[in-house]
Amino acid sequence: MTDTTTPTNTQEWFYPSEEVLQGAIIKDYDALYKRSMDDLEGFWAEQAETLDWYKKWDTVLDDSNAPFYKWFVGGKTNIAMNALDRHVKTYRRNKLALIWEGEAGDQRTYSYYRLWQEVNKFGNVLRSMGVRKGDRVTIYMGRVPELIIAMMACAKIGAVHSVVYGGFSEQALADRIEDAQSRVLVTQDGSWLRGNIVDLKKVADEAVKRSAVVEHVIVYKRTGHNVMMEADRDYWWHDLMALPIASTKCETEVMDAEDPLFILYTSGTTGKPKGILHTHGGYAVYTSTTLKWVFDLKDDDRFWCAADPGWITGHSYIVYAPAILGVTSFMYEGAPTHPYPDRWWKMVEYYGINVMYTAPTAIRGLMRFGSTWPNRRDLSSLRLLGSVGEPINPEAWKWYFDVIGKGKCPIMDTWWQTETGGFMITPMPSVGLKPGSATRPFPGIDVDVVGEDGKPVKAGEDGLLVVKRPWPGMLRTVYGDPERYKNQYWGKFKNLYLAGDSARKDEDGYIWVIGRIDDVIKVSGYRLGTAEVESGLVSHPAVAEAAAIGLPDELKGNIIYAYCILREGNQPSPQLEDALKNHIRHEVGPIAVPAHIEFVKQLPKTRSGKIMRRVLKARALGQPEGDVSTLEE
Ligand code: WT7
């Protein structure tokens, strides 16, 4: 099933300029790729050497219990040691680690030394609340520096963070707290978006009510609006950070390379979100190597990944990898169009951003306002651009390339997933680009496009995207559900990681990702399971049954279209449609709200009762329904 954003093989090539080529860290992709495939373990060991280890590993890759692969076995490290501790001993101590701008225009900067101190302080606060190595801490915040501080503090003391994106609502947050069994929740009073307050604390209160495990709630004061503070449960961040216990010295927990670093929930085919688990060692090696080579980062670069730290893109490329490399990361709190559509470009100019990384949906959104806004700003500091989240359509690619990059900044279209930890299929600056293709696999990554039989398909044919060999940044398991990990990713083909995407490989070996093959919808780059929307809908008393599908949309890539069968005694009405949308906004979050809800009397199902979303989609698009032999209607 294709949609409007599916790239077409334009065969239009873009080659890097002499200037970009000259500066590129990796100049010969083919040679490096070949070397990595010839000696996978040697290649990754070499990259691991760029990090600091308390004790070096004994074995690079342990595949004795596949697909539960282990990397750098026996190695002792801590990602926070690599991101902070080691820098404060060098010239980087006084270098900016983070530049932050609030939506209202307020600014804060952190040198590596300042960030290290804050992380140490908060690490001590967490320890004083009884948080120990291996304990889970849920973080539900907006885009403020304290989010990064909280994440790194968890890492430092060996706790496992579970960041829940601030756009999720009550039930979604409660489910994630419950699954992780977090005793501590870190949140804030509210965050700013388009000049309005997003009332995070209120959502957190409701979620805590629904999940009995939380004992302590730490609240960072950002907006200052009135919030409920429950005695003996809720504490202000600034009060705790002012206590003597919050000293600037905090011992870093010595972690095993394979010890868990974080859980990040993502959508799959069932309503229950999957807790994707990443570790200290392999993840640090993988994210830092990919960031360095793909975005060609030099020590004096200012890098802006415009994602939210609450998603994997932010975990890997706002929080951890830039700090491991010791570069300066920029983060912005609010909406791209606030107060005017030139906000992003104004900040690129002001801070002199060198490399910018965002999503096609954001590019399309800003493109709508025309080129006058970016053209009024000096964007000449930009050297490279990046894209992630969904295939980038040629129109958006062209605009990004011409108007933002002024025709001189190659666009790194990075294909990867929450599960992969970092970029998997991606260009590097020295590689020729074809707009709409994520080009070729990163060194050390062995990918292919296969048919239902697991055998590679011919060039130009559609197939399933698979990874043939393990990599250090891969997920280790689904938290608390190793069977799901095994079945979901390694169950279809023996020894092949199934990404869940369909793709094509062209004659030049370039890969064109088409889209999801499962019941996952990409809305504005966000990943949503149809089952999450459906279970949200049926939790409303008026709804008996629901089905959700994704339909192509010019701006968002896809939008959600939902069908509902009402319970006896309820009548379809525009008011009910609004009530249901509100219900979803409240329970799951604004990103899961269907664009349309259609009330129906029945839904196409298989004889075993499974809703045939494929048929619904074909009907909605006016396309042939395909094989309907199993349809019972
Ligand atoms: C899915 C993973 C990885 C960070 C953000 C998304 C789609 C991602 C691309 C791209 C085509 C892409 C895939 C993938 N996707 N990047 N460059 N070209 N499709 O992470 O939420 O785990 O979603 O996003 O469908 O499977 P995620």
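I take a helix axis to be a line fitted to C-alpha atoms over the stretch in contact, with angles running from 0 to 180 degrees between N-to-C directions. I also keep in mind throughout that this is a predicted model.

**Entry: H7 and H8**

I looked up helix H7, residues 170–180, against helix H8, residues 200–210, and found that their axes come within 8 Å and cross at roughly 50 degrees. That angle makes H7 oblique to H8, and I noted the crossing of the two as right-handed. On the H7 side the contact is made by Glu170, Gln171, Leu173, Ala174, Ile177 and Glu178, while H8 supplies Val203, Ala204, Glu206, Ala207 and Arg210. Sorting the residues of this contact by class, I have six nonpolar, one polar and four charged.

**Entry: H6 and H11**

Next I turned to helix H6, residues 145–157, and helix H11, residues 312–325, whose axes come within 11 Å and cross at roughly 60 degrees. Here the angle makes H6 oblique to H11, and H6 passes H11 in a right-handed crossing. Which residues meet in this pair? From H6 I listed Ile148, Met151, Met152 and Ala155, and facing them from H11 I listed His315, Ile318, Val319, Tyr320 and Ala323. The contact of H6 with H11 has eight nonpolar residues and one polar residue, and I found no charged residues in it.

**Entry: H2 and H3**

I then checked helix H2, residues 29–38, and helix H3, residues 40–48, which pack at an angle of about 115 degrees with their axes 5 Å apart. Because angles from 65 to 115 degrees count as roughly perpendicular, I recorded H2 as roughly perpendicular to H3. In this contact H2 contributes Leu32, Arg35, Ser36, Met37 and Asp38, and H3 contributes Leu40, Gly42, Phe43 and Glu46. By class I wrote down four nonpolar, two polar and three charged residues for the contact of H2 with H3.

**Entry: backbone exceptions**

Before listing these I reminded myself that most residues other than glycine have a negative phi, and that most peptide bonds are trans. Where does Pro67 lie? I placed Pro67 in the loop between strand S1 (59–62) and strand S2 (70–73), and the peptide bond that leads from Ala66 to Pro67 is cis, with omega near 5 degrees. Strand S2 also holds Phe72, which has a positive phi of about 55 degrees although it is not a glycine. A further cis peptide bond runs from His338 to Pro339, with omega near -5 degrees, and I found Pro339 in the loop between strand S17 (328–332) and helix H12 (343–351).

**Entry: the ligand**

For Arg527 the atom I noted is a polar side-chain atom, which lies 2.7 Å from an oxygen atom of the ligand. I also recorded Glu390, with a backbone N or O atom 3.4 Å from a nitrogen atom of the ligand.

Definitions and conventions
Residues numbered from 1 in each chain as written. Predicted model: local features only at pLDDT ≥ 70, side-chain atom pairs only at ≥ 80, totals over all residues. Heavy atoms only, no water. Helix = DSSP H or I, 4+ residues; strand = E, 2+ residues; numbered from the N terminus. Parallel < 35°, antiparallel > 145°, perpendicular 65-115°, else oblique. Left-handed = near helix turned anticlockwise from the far one by under 90°. Contact = heavy atoms within 4.5 Å. Nonpolar A, V, L, I, M, F, W, Y, C, P; charged D, E, K, R; others polar. Polar contact = N/O pair within 3.5 Å; in protein donor to acceptor, adjacent residues only side chain to side chain.
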